Amino acid sequence: MVFIQAFLFSCLTLFFSCKEEVQKEPETDLPFVVDLGGNSWVVDNIASGMVSSEGIKDWRKADEIIETYVKLNRAGSLDLALKGRVLSGESKLEISVEGQTRTVILNNTDLETVSVGSFEIPKAGYYALRLKGVAKSSATFAEIKSFKLGGTATEEGITCVKDDFYFGRRGPSVHLRYPFDESEDIEYFYSEIEVPEEQDVIGSYFMANGFGEGYFGMQVNSETERRVLFSVWSPYQTDNPGDIPEDYRIELLKKGEGVHAGEFGNEGSGGQSYLVFPWKAGETYKFLLRGRPVSADDTEYTAYFYASEKGAWQLIAQFRRPHTHTYLTHLYSFLENFNTETGNISRYAWYKNQWAKTKEGQWIELKEAQFTADATAKKQARLDYSGGVGSKGFYLKNCGFFNDNTEMGSMFTREALNTHPLINLE
């Protein structure tokens with residue numbers, strides 16, 4: 001009898017200790033949350049529409065593989081859980097990190113956090129948490145809200161997009177600012193851009209000639225359309241062009257053949273012009289901008305584009321900016337991604353042969369550049385940004401979750417060419 005009582009007591013003790021272990025659910029106490037809405041993309045499908053601020057929804061196809069990016073600041077173990085649900089039935093999912101795969105079964109119809117398992121992280125850097133649907137008993141695999149992370153690989157923190165998912169998914173914008181003697185009246189700004197082959201990613205704006213009141217460069221708008229774009233901001237501060245008073249509106253004075261002209265908003269407002277032109281990766285394109293005051297209260301800006309395919313300079317547009325009296329100031333270039341669905345793809349370009357010409361006719365070679373980046377980079381939501389100098393001039397690179405970034409504020413000097421562009425400015 002004593003033996004039986006002891007046996008029963010030991011069994012009860014084991015039962016309650018096991019039950020207590022299950023109730024702890026240590027995976028739900030992982031310290032870091034990575035929302036899929038701001039950090040995820042569907043692989044090789046920029047038109048899927050599955051990613052929103054709420055996470056992953058309407059996931060129907062097994063070949064729709066989702067990658068969620070996070071930067072881990074040290075090597076070690078990565079403990080992972082996911083928060084999600086099925087709409088009905090049951091789904092089997094695979095989650096892989098650095099070639100290691102774990103399987104999860106979801107049959108809960110309320111959002112719950114489910115343990116995925118542990119992974120070994122060999123070194124600090126960006127990693128893709130790769131989510132694949134294996135089997136499902138209903139129309140969709142699952143709705144996934146977030147991952148939870150812990151383990152020694154997270155002990156020095158993580159980097160991911162935590163808010164402002166729109167700009168976070170677009171990725172960081174990067175700039176080159178060209179210092180010059182601000183006491184000089186700069187009337188012309190000339191530069192060149194070469195986008196290497198396979199770097200012409202949809203959503204890229206390779207901006208060549210930026211100035212205090214606008215910008216001028218070339219874009220990849222879709223698989224079939226590319227543009228040369230020139231814009232001038234209104235001196236009236238608003239994101240809605242309809243709010244601009246008549247005497248503060250940018251006036252189009254003339255435009256080149258085939259150029260579209262109108263207004264823009266949502267990033268300040270003003271006048272915009274663009275030429276649909278099939279520029280090619282691997283070719284060098286030239287940009288010339290003129291800015292000069294034409295009265296005590298008006299400044300005129302004119303943009304010209306040169307493509308070797310055409311063999312001649314082409315007028316893009318000429319705008320008048322009211323309540324402005326200035327020559328060109330704050331000369332710069334930038335690279336940005338304006339398509340949230342391609343923020344996981346890296347791209348870079350060469351920015352070459354920058355020159356300024358004073359109103360007196362003196363050419364000044366702009367051999368120095370300072371690297372800067374936007375708010376997404378400054379608040380460390382994304383760290384995939386870089387710039388510098390190389391064999392062809394300055395370069396800018398962004399997006400794609402590469403690990404070698406450039407310190408903001410870095411100065412670079414390119415090799416002097418000593419020969420200004422030969423252009424008949426008349």
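User: How many bridges join strand β1 to β11, and how do these strands run?
Analyst: This is a predicted model, in which local features need pLDDT of at least 70, side-chain atom pairs count only at pLDDT 80 or more, and totals for chains, interfaces and linings use all residues. Residues are numbered from 1 along each chain as its sequence is written, and side-chain values use heavy atoms, with hydrogens and water left out. Strands here are DSSP runs of E with at least two residues, numbered from the N terminus, and two strands pair if DSSP finds at least two bridges between them. Strand β1 covers residues 32-35, and the link to β11 consists of four bridges, with the strands running antiparallel.

User: Which residue of β11 stands opposite Phe-32?
Analyst: Strand β11 spans residues 143-150. Strand β6 (residues 76-85) is also joined to β11, by seven bridges, and runs antiparallel to it. Leu-80 has its opposite residue in β11, Leu-149. For Phe-32, the residue opposite in β11 is Leu-149.

User: How many of the eight residues of β11 are buried?
Analyst: Buried means under 20% relative accessible area, exposed means over 50%, and partly exposed lies in between (1.4 Å probe, protein chains only). By this rule β11 is mostly covered, and the count of buried residues is seven.

User: Which side chain of opposite charge is nearest to Lys-71, and how far away?
Analyst: Lys-71 lies in strand β5, residues 66-72. Lys and Arg count as positive, Asp and Glu as negative, while His and the chain ends are not counted; a salt bridge needs a side-chain nitrogen of Lys or Arg within 4 Å of a carboxyl oxygen of Asp or Glu. Lys-71 is buried and has no salt bridge; the nearest side chain of opposite charge is that of Asp-404, at 8.9 Å.

User: Why does Phe-402 count as buried?
Analyst: Phe-402 is in the loop between β29 (393-398) and β30 (411-413). Leaving out residues up to four places away in sequence, Phe-402 has contacts (heavy atoms within 4.5 Å) with residues including Tyr-126, Leu-383 and Tyr-385. Phe-402 counts as buried because its relative accessibility is 13%.

User: Which are the edge strands of the open sheet of nine strands?
Analyst: The order in this sheet is β19-β20-β17-β16-β15-β24-β13-β27-β30, and the pairing is antiparallel. An edge strand pairs on one side only, and the two that do so are β19 (259-264) and β30.

User: Where does Val-232 lie, and what is its relative accessible area?
Analyst: Val-232 belongs to strand β17, residues 226-233. Beyond the residues up to four places away in sequence, Val-232 touches several others, among them Phe-211, Ile-250, Phe-264 and Tyr-301. Val-232 is buried, and its relative accessible area is 0%.

User: Which residues have the most contacts inside the largest nonpolar core?
Analyst: A nonpolar core is a set of buried Ala, Val, Leu, Ile, Met, Phe, Trp, Tyr and Cys residues joined through side-chain atoms within 4.5 Å. The largest one has 53 residues, and those with the most contacts inside it are Phe-206, Phe-230, Ile-316 and Tyr-351.
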